[in-house]
Structures are given as C-alpha cells and as structure tokens.
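Here is a short report on one chain. Look over the sequence and the fold before reading on.

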Amino acid sequence: MRPFRKHVAVAIDGGGIKGVIPARALAILEVHLGRPSREIFQMTAGTSTGSIIAAGIGIGLSGAAMHRLYSEFGDVVFQRSWRTCLWPLVRYRYPLEPLKTALRRYMGDRTMSSFWTADTPIDVVITTFDLVENRTRFIKPWKEEYADWPVVKAVLASSSVPTFFPPVSARYVDGGVGAYSNPCYLAAYEARFVLEWDPAETTLISLGTGRDPHTLRPGEVRTLWPWEWIGPVLGAFLRSADDQQVHLVDTFFEKLDFRRFQVDLREHIPMDDVTKISELTVYGTELGQKILNDETDRSLEVKASKPGPELRW
C-alpha cells in the first residue's frame, strides 16, 4: 500500500446492514497501520449507514468496535414484526427506537460540536435530506446551526431510509435520497475548499458497501410489467449516482490522491438482511485486502475524454 499523504480523509457509502463491509475493512487497515482510525483520518464523510461509521471514527471507535455494533444490533434494529409483514400497507417497516438505543450506547450524548472542540479536532460531515425544505443538509461540527445537534440525532437523520424507517423530527430522511449515496465528491470538496487542504498533500479513501450483480438477462426487459420496472430503474439510478461521484472527483481533483475501493457482490443483499452478516464480513475482509494492495475500483478506469479539434457544436 502506498503511504498516505499529510492530510487523510475517508468517505463511506450508504447501504444499511452492508455497513459491515467498510467497518471490517477499516479494522484490517487499523491492524496494518497499527493505529485506530481516529488517528489515521482528519476528516470523515458518510451517508446513511456510512454516517454511523463516519461518526464512529470521530468519537474514537475502532473498526472492530463498529463491526461489533453491526453484528450485535443488526437483528434488533431490523427485527421482523407485524410492520414488515404488512408492508407496504404501513408507513414504515421498522421503528427508530432500537437503532437510537444502539447508537446511544456507543456514542452517548455527544453533540456535533464536540468533534471540532476536541484536543485533536476532526471534521465529520453527515448528509440528510430535508423533506420540508426539499434540500440536502450537510451537518458539520463547525456549523453553528448544527453545533448542538446530538451526534445520535444527526446519524439517525442520515440513516432514516424512506419506507424502512420513519422520518426524524417529521422531516429528515436518508442522505442518499439526494446525490450523496456515495459522498466522495462531497469529501473532496470539503477538503479542498472548506478545510483548504492542498490536494497534492491529501489522500481521500472512498469505501463502498458492495456492488450488486446484474439481475436482467438479454431479452428480459421486453417481458417486464410496469411494476417490475421499479427495481431495475432504482438500481440504475443508485449505480449511476454512485459512479458519477467517483468520476467528478477523478476529473476535477487531479492532484488529489483519490482511492476508491469497492467489492462485487455475488448476489443482491437487501439493506435489512441480517442473515448475511457473516457473508458481509467476508466481503469486508476482501475490501480490506484491496485497500492494502491498492486495488482501486474499476470505476476509476473510466476517464473523461475531451473532444478533439474536429468536433464543433
């Protein structure tokens, strides 16, 4: 693995229980470097389940501790009940209280400002979508309007995936509802234009939560009924938004040491399938090895090409 530069940031995707993957990968990185993530990264950014890990790093949790959080509380947070049986006849599938209890056990009553006022400050950027104002909110420890927000509230607001959980404060839902299911561009922008880090002295690690395999075979599209388009269209939207963020960073931050790491899933794993935690841990080990071997994701191989002189508009 190439050494990191002076400034190091990490951005973590959303994905529900698939947060097991980056948590396990971080545990492997920590063992390799002999340091906890809190001493490796000076800035973290996360969306949805990525916000749990981003905040966890900020308060000093190790990768192993965050992996343990997912393993211990996954089946409690995503516990089957009459709601899951009757969905979509109910407003949401899971109550927020079990997730809130789990987060409070690990994160306590800290406020967002505590990240910035610590002896060793760290910038923790968490996204959530505000349905009332119809915009993405960027919750940061140095912003006065979010200084008194409990960290648990910020993480819940980012993790409340529509239909899975109810909105927080009757307005905030999953940060991935906007364009930030992969917050790597957000992290690059924060590092360059907010923290004013020199890109030539900055390393940005971007961790995915697994790429779903293709589910449609040639010719199947012609057989889809209207309601069967929801899955393929939603999947295409998420994959396109995810890769778009990678391309933006790679295109507009050329001097940045940008490393995107992702694993290919052999089958689709729903964000609430807690029976797959052991399998997700194996994927996490694979992702960790990719980090150590500098095996960046193939999405980085796609370069934006400039039009030649023969092209005129």
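The chain's secondary structure amounts to 11 helices and seven strands. Helices (H or I, at least four residues) and strands (E, at least two) are DSSP runs, numbered from the N terminus. This is a predicted model: local features need pLDDT of at least 70, side-chain atom pairs count only at pLDDT 80 or more, and totals for chains, interfaces and linings use all residues. Residues are numbered from 1 along each chain as its sequence is written, and side-chain values use heavy atoms, with hydrogens and water left out.

**Whole chain**

Of the 313 residues in the chain, 53% are buried. Buried means under 20% relative accessible area, exposed over 50%, and partly exposed in between (1.4 Å probe, protein chains only). Take contacts (heavy atoms within 4.5 Å) between residues at least 6 apart in sequence: 78% of them join residues at least 24 apart.

**Strand S6**

Strand S6 covers residues 202-207. Six of its six residues are buried, so S6 is largely enclosed by the rest of the structure. Both faces are covered. Thr202, Leu204 and Ser206 lie on one side, and Thr203, Ile205 and Leu207 on the other.

S6 pairs with S1 and with S7. Two strands pair if DSSP finds at least two bridges between them.

| Partner of S6 | Residues | Sense | Bridges |
|---|---|---|---|
| Strand S1 | residues 7-12 | parallel | six bridges |
| Strand S7 | residues 257-261 | parallel | five bridges |

Which residue in S6 is the bridge partner of alanine 9? That partner is leucine 204. Serine 206 stands opposite arginine 260 in S7.
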